[in-house]
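Colleague: Hi! Could you walk me through this one?
Modeller: Happy to, here is the structure.

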Amino acid sequence: QRNTMNIDYQATKVEPPTFDGYLAEGLYLLELLFEKIDVDGSGFIQFEELVRYLATKNFSDGQRLKNAFEQVDLDRSEALEFGEFFALIFIWAQSSPNELQIFFPNPTNKEVFEQTVKSFYEEMTSFGTDKSSRLPFSEVRAFFAAKLPSYLEGGNLEATCNEIFPNQPEDLSLVAVGLLLYAVLARSGRTRLRGKYAHGAAAPAVAAEA
């Protein structure tokens with residue numbers, strides 16, 4: 001039986017508007033959305049589940065959706081874990097911002113998530129010293145130290161990295177960064193996140209681009 005969360009949740013406006021506040025609220029919206037689409041409760045989103053969900057929002061461009069799905073399904077499992085879903089929605093928000101309401105029909109949720117995406121890309125770009133789409137672990141640690149220092153307490157970052165990426169790669173893709181942020185914030189106990197999708201399924205994907 002699915003352990004259903006509050007899928008009708010309305011985001012809290014982040015006051016004062018801080019990066020960590022938007023990140024925590026945006027990731028919580030994604031966690032709720034993931035559970036809503038994952039109707040079989042497997043912890044993964046199948047393509048057909050995504051198609052069925054978007055059909056209820058009057059979105060019918062199957063080929064475009066398939067292309068977006070395949071772009072982030074880096075391990076070619078034909079199912080998205082949370083990090084891959086994170087990448088899908090973030091890329092969608094950048095490429096088709098006017099259609100973000102199909103995922104977040106609540107105007108407040110859409111506004112908060114838009115700001116989450118904007119803040120995330122601004123901060124991550126500033127830490128990508130070579131301006132690529134990947135971040136070395138050294139830059140990831142620097143990012144946490146500068147922008148999310150409270151989440152480093154008790155070795156949370158290192159412990160989470162070791163668990164979800166047991167064979168630590170030299171750098172992380174957007175998929176892997178999304179999964180890591182979600183897992184670290186969830187396991188800190190400082191946010192609403194439950195972390196039920198914070199498993200290491202994305203580990204093989206860190207070698208690919210997204």
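Modeller: Let's begin with a helix pair: α2 passes α3 in a right-handed crossing (the near helix is turned clockwise from the far one by less than a right angle). Helices here are DSSP runs of H or I with at least four residues, numbered from the N terminus.

Colleague: Before we go on, where do these values come from?
Modeller: This is a predicted model, where local features need pLDDT of at least 70 and side-chain atom pairs count only at pLDDT 80 or more, while totals for chains, interfaces and linings use all residues. Residues are numbered from 1 along each chain as its sequence is written, and side-chain values use heavy atoms, leaving out hydrogens and water.

Colleague: OK, at what angle do the axes of α2 and α3 cross?
Modeller: Roughly 135 degrees, and the axes of α2 (residues 47-55) and α3 (residues 62-72) come within 11 Å. Axes are lines fitted to C-alpha atoms, for helices over the stretch in contact, with angles from 0 to 180 degrees between N-to-C directions. That angle makes α2 oblique to α3 (under 35 degrees is roughly parallel, over 145 roughly antiparallel, 65 to 115 roughly perpendicular, and the rest oblique).

Colleague: And which residues meet there?
Modeller: F47, L50, V51 and L54 from α2 meet G62, L65, K66 and F69 from α3, with contact meaning heavy atoms within 4.5 Å. Those contact residues divide into six nonpolar, one polar and one charged (Ala, Val, Leu, Ile, Met, Phe, Trp, Tyr, Cys and Pro count as nonpolar, Asp, Glu, Lys and Arg as charged, and the others, Gly among them, as polar).

Colleague: New topic: how many salt bridges are in the whole structure?
Modeller: Eight, each a side-chain nitrogen of Lys or Arg within 4 Å of a carboxyl oxygen of Asp or Glu. One of them joins R192 and E25 at 2.8 Å, N to O. R192 is in the segment after α8 (174-188) and E25 is in helix α1 (residues 19-37), 167 residues apart.

Colleague: Is E25 buried or exposed?
Modeller: Buried, because its relative accessibility is 7%, whereas R192 is partly exposed at 44%. Buried means under 20% relative accessible area, exposed over 50%, and partly exposed in between, with a 1.4 Å probe and protein chains only.

Colleague: What does R64 pair with?
Modeller: R64 meets E99 in a salt bridge at 2.6 Å, N to O. R64 lies in helix α3 and E99 in the loop between α4 (82-95) and α5 (107-127), so the pair ties together parts 35 residues apart in sequence.

Note on methods:
Helix = DSSP H or I, 4+ residues; strand = E, 2+ residues; numbered from the N terminus.
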